[in-house]
Amino acid sequence: MRRWAGRWIIAALAVMVVAGAGAWAFWPSSHSVTTADVTIGVMDGPAGDQRVRIDATFFTPPGGGRAPAVLLAHGFGGTKASVRDEAERLAAAGYAVLTWSARGFGRTTGQIALNSPDYEVKDTRQLVDWLAARPEVRLDAKDDPRVGIAGASYGGAIALMTAAHDPRVDAIVPQITWHDLATALFPDATGQGPEHGVFKRMWAGIFFGRAGPPQRPVGAARTGPATPLTAEQAACGRFLPEICDLYRKVAETGRATPEAVELLRRSSPVSVPGMIRIPTLLLQGQRDSLFPLDQADANARAVAATGAPVQVAWFDGGHDGGDGEIDWIHERTVSWFGHFLARDGGLGVPGSAFTVTRDGGRDPGSRQPVLLHATAGGYPGLGGSARTTLPLSGPEQRIAAPPGGAPAAVSSIPGFGAPGAGGAAELFGAAADVPGQSASFETRPLARPVQVTGSPAVTVRVSGTDAPGREVTLFAGLQDVAADTRAPVLPKGLVAPVRFTVPDGGGEVAIRLPAIDHRFAAGHRLRVAIGTTDLGYAMPDEAAVHTIALPAGGGTLTLPGAALETPPAGPVWWAWALPPAALAVAALIALTGRRRRTAGEDAPDEDVPLRISGLTKSYRNGERAVTDLSFAVRRGQVLGLLGPNGAGKTTTLRMLMGLITPDAGEIRIFGRKVTPGAPVLSRIGCFVEGPGFLPHLTGRANLELYWRATGRPAADARMAEALEIAGLGGALDRAVRTYSQGMRQRLAIAQAMLGLPDLLVLDEPANGLDPPQIREMRRVLIRYAEQGRTVIVSSHLLAEVEQTCDHVVVMHRGRLVTAGPVSELLESAARPNGSARRLEDVFLTLIGDNA
Amino acid sequence: MSTGTAGAPGYSARRTLPLSVEFVRQLRRRRTLVMFGLLLVLPWVLAAAFELGAGQPRPGQGAAGTGLRMSDLATTGGLNFAVFTLSVSATFLLVVAVALFCGDTVAGEANWASLRYLLAAPVPRGRLLRQKLIVALGYAAAAVCALPLMALLTGTLVFGWADVQVPGTGEVVPAAVALPRFALVVGYVLVCQLVVASLAFLLSATTDSPLGAVGGAVGLVIVCNILQAVDALGGVREFLPTYWNSAWLAALTPEPDLSGMLRGVAVAVAYSSILIAVAFRRFGRKDIVS
């Protein structure tokens, strides 16, 4: 029966595996999303007279019907192919998605105008027109589709700009993008504006390079002679000439001209205040030295001012790398669009007003870092909802600005983007300041951890400078200094550039440090490092030395904090439900497995120590070990159970001991049915299939512990008599593992005789005994039976049985061959000539008959 | 029923295989003594290793962003040393110890052939299993407790008595607060090992090979450790029996978070109750042929 149970389990497992694999393979997936490549002709330019062919792909969701639409924009340097995966996921979530290569990218014609309202914004509005004409797209009104825009970086900015210029757009999810491209590229931590900002040279260069001249495809030389680039193509790539000229001017001087600021701001949400009036989900990366968190902060304030719903999330990602959180961003995007596009908005906006991704420790299973999302019901801004002020200390320090700006400190490497790397500082394992170029001021070790969420502020005094025009360029960063020898860490690799004209006699400058979300552990110190160089920025070529000190009244560091709640890590429902459920199942398993005891079956009969009737047993392999065996043993008999090897003797004895369960028939001992552990078993003493002792204990300890295990009074054991039969002498106090086979055999027989049981069952007792011992054994057994007890000896040694037993049961191949007194058996088989036969002859005859 | 008269005089099923007998039967076994010896010596070996290695610069120090590792803090005091010892041994050494005591208990008897004599004594099967389970769990619990307690003693003697410093953040928890929590941690580790114990016990009641039972239980832990490292399995992993084994680390932070431990207890109790029930069911019906 159990064999079948095992097969059923295996079959069930196999079915589950196959079903799982099938479900995985055939689960409705993006293959049911239909895609179509389309070319959409648009007209743009200030006069609306420039024809551009936009290369686009339209993804329609499975299921048909009219669905809300999403315009999914790509980042700078990418094409529509860069966002294909996300487009398919959005389409599978039920949106008609249009991706397109922006002007100047991919196969789309035209030149890059940096999301200008005259160019890219006009293009995108005409894509909205195109969507309105599609039968797959749900309409709010004629020519007004239900449409949202999502995109990262350059694509995020087009989402914001189009939302400002086209009232038909219903919701946007801009990611890692800018509010003011001028302040992003010319930041100044004193808040004096981009004209006084420090040029973000490395990032600007990287982006200018990404829009370089179109690369000839590999193998193009074979198809035709390469046409040499014109001077303008070589210099400006795919940029509009006026943008190219402007870039060249500012990149050479490192200064933002008013024209440059004007042009950059035309491409920025800062130029359209009050015009983005639709639900906006701003996802900004914490690891972003290009568009830091303050850009999203400005966007959030601009949108919130119109009264439109806005949410801000600082996720683990950005232009400098990090996790990226692709899945989480997709979930947030889908839930945002789900509320405002698929449903009709209104109350119950999903998500929290402010979400910050934090280190959630390590996964208990994989020990990999995990992220958790702390949330707040309101967005506190970079100033935080609460502030902590810590005193700073440190002497006046002189720092050098090296000629040509080299060597430079490295805070982050633009475009490095290694996943999981927190900017260059963490890559190199330290904040890489150059000695002599950096002044530092520290707090005392923290008594308790401080969580900074927002933009810390510090004021320092700059004096004694010999810079030309007294204009100094500085880079301020907030470092986390551990108590031990570990190098300080610059959270997220962010620094704040400062350009400051030092008045006579020196002056104080208030610096807004980069916005971060960072936990400074207890015992750590916070260090404000003011350096003269940073690899990512344009720096003055002239050498200079500045004196940096804390303000006269003593320096302080203001740290913003926000009341964020981490998701409840508290008990989950299943932690309470699982144990009772499991206990119920366990009880069911254990109780249903119990044998039913049928009461009233016992019919005590002291004269029949053993009665076997109809006993049948098959082993797992189907082999019949015992078939319909019946015989009885009377009190005082010494019964020989005789049969060749494999006759079923041992199986019968195992059933007699309750070790195995008969398939049919029953065994009664003194009239009581034998079941596993039946109390009547305490009246028999057994030695079956060899001895079984604990090898590490002495012979004496084995017998004593065995008797104690029976739970019967020690006095009943008759230990001395049993030990006498064993005849082990001094060996009794040696560990059993040192015993010979014969010694174990005798000890086992002694164990069987403990308590002088009413029925003694011995299986092949003569094995391993020498002739004198066999004779002694024979004598003991006969005397044992004379005291009114019963002995069953199983053996294949005929002479042994003949000399010991008065009755015999002969078995062969699991069946009873004959049973009766030994003398009768011999008589009935007496030869016609009257001469006595030996049992051996009788036995062989019997077997021969049955063979 | 006529239980009282059916058996031999003085026989009562409820008196068979007393716990003290089973305890003595297992006590003098070489593997019991060796395992306890190993667990009690290990803290001293670790302490000696830290003392010997104290002068040498440790690789990896100075790497920022990684936080203080537990091994860096092991020498700061007795409690930290005990926590470190527990953390390095809970994943394998204690598993082996628990699997040994619980996996060997029935299969070992079957292997010695002494099982059939106990059953024919007769010790009722359910009672035999129950008494053996209690004693095996007792030995396993003693092993799991012996190691951290000895480590606490060793650490206090060698490195002194100090507050607990938390790995990663370096926060300090006063010793008076940490000590009861350490007791809680040891209790939690005990509960976590219950799954290993009950699986080993089930295998022990199913097979005649003690090595197979111990190896099977240890194998399960190894497989689970591999599976739980596969992030792609997501939330399913929370129901792996070993997933929450190190959740006790959260109990030693300044604001202890017991939710992970609660889940760990739930999973451990669920698995072990079912495994033990299956063990009783199977053993109750099994043909003992060893």
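**Entry 1: the pairing of two strands**

I began with a term: two strands pair if DSSP finds at least two bridges between them. The model I examined is a predicted one. In it I looked up Val70(A), which stands opposite Gly148(A) in S7(A). I then noted that strand S3 (residues 69-73) and strand S7 (residues 147-152) of chain A pair in the parallel sense over five bridges.

**Entry 2: the sheet**

I next traced the open sheet of ten strands in chain A and recorded its order as S1-S2-S4-S3-S7-S8-S9-S10-S11-S12, with mixed pairing. Which strands stand at the edges? I found strand S1 (34-44) and strand S12 (369-376) of chain A there; each has a single partner strand, so one side of each is left without a neighbour in the sheet. Direction ignored, neighbouring strands of this sheet are turned by 20 degrees against each other on average.

**Entry 3: helices across the strands**

I looked up helix H2 (residues 84-92) of chain A, which lies across S1, S2, S3 and S4 and runs at about 55 degrees to S2(A). Helix H4 (residues 154-165) of chain A lies across S3, S4, S7, S8 and S9, at about 155 degrees to S8(A).

**Entry 4: the interface**

I turned to the two chains and found 80 residues of chain A in contact with 75 residues of chain B. The area buried between them is about 6300 Å², and carbon and sulfur atoms give 60% of this area. How many salt bridges does the rule find across the interface? I recorded one, in which the side chains of Lys617(A) and Asp287(B) meet at 2.7 Å, N to O.

Methods: Residues are numbered from 1 along each chain as its sequence is written. Chains are lettered from A and ligands numbered from 1 in the order in which they are written. This is a predicted model: local features need pLDDT of at least 70, side-chain atom pairs count only at pLDDT 80 or more; totals for chains, interfaces and linings use all residues. Side-chain values use heavy atoms; hydrogens and water are left out. Contact means heavy atoms within 4.5 Å. Buried area is the accessible area (1.4 Å probe) that two parts lose on being put together, summed over both. A salt bridge is a side-chain nitrogen of Lys or Arg within 4 Å of a carboxyl oxygen of Asp or Glu. Helices (H or I, at least four residues) and strands (E, at least two) are DSSP runs, numbered from the N terminus. Axes are lines fitted to C-alpha atoms, for helices over the stretch in contact, and angles run from 0 to 180 degrees between N-to-C directions.
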